Amino acid sequence: MNFDTGFDDYYLVERELAIKDLNLQYEEVQSVKWASKDEIVSLIQEGRFIDYWFAELLFEMRKQRGAHRAR
């Protein structure tokens with residue numbers, strides 16, 4: 001997602017994978033952890049996660065392909 005001062009990338013991963021097995025770029029990644037939808041919502045409410053207005057929507061959209069509703 002682009003905005004005036006940069007961009008953010010979002011990833012929803014649904015598979016068993018150890019964080020240590022990820023190939024993260026030190027220059028681009030501040031921190032990483034696995035979190036459920038409920039955990040992310042709680043972190044946002046506590047002010048410990050960026051307050052993305054669409055966070056819950058990402059979880060609702062994760063099974064969709066494209067912009068159209070699946071029928």
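Start by selecting Arg48: this residue is exposed, at 62% relative accessibility. Exposed means over 50% relative accessible area, buried means under 20%, and partly exposed lies in between (1.4 Å probe, protein chains only).

This is a predicted model, in which local features need pLDDT of at least 70 and side-chain atom pairs count only at pLDDT 80 or more, while totals for chains, interfaces and linings use all residues. Residues are numbered from 1 along each chain as its sequence is written, and side-chain values use heavy atoms, with hydrogens and water left out.

The term requires a side-chain nitrogen of Lys or Arg within 4 Å of a carboxyl oxygen of Asp or Glu. Glu46 is partly exposed, at 49% relative accessible area.

How many salt bridges does this rule give? The count is three.

Next, select Lys20 and Asp21. Their side chains meet in a salt bridge, 3.3 Å from N to O. Lys20 is exposed at 71% relative accessibility. Asp21 is partly exposed at 49%.

Now select Glu56 and Lys37. Their salt bridge has its closest N and O atoms 3.9 Å apart. Which parts of the chain does the pair link? Glu56 sits in helix α2 (residues 55-61) and Lys37 in helix α1 (residues 37-45), distant parts of the chain, 19 residues apart. Helices here are DSSP runs (H or I, at least four residues), numbered from the N terminus.

Finish with accessibility for this pair. Glu56 is partly exposed, with a relative accessible area of 40%. Lys37 is also partly exposed, at 28% relative accessibility.

Key: Helix = DSSP H or I, 4+ residues; strand = E, 2+ residues; numbered from the N terminus.
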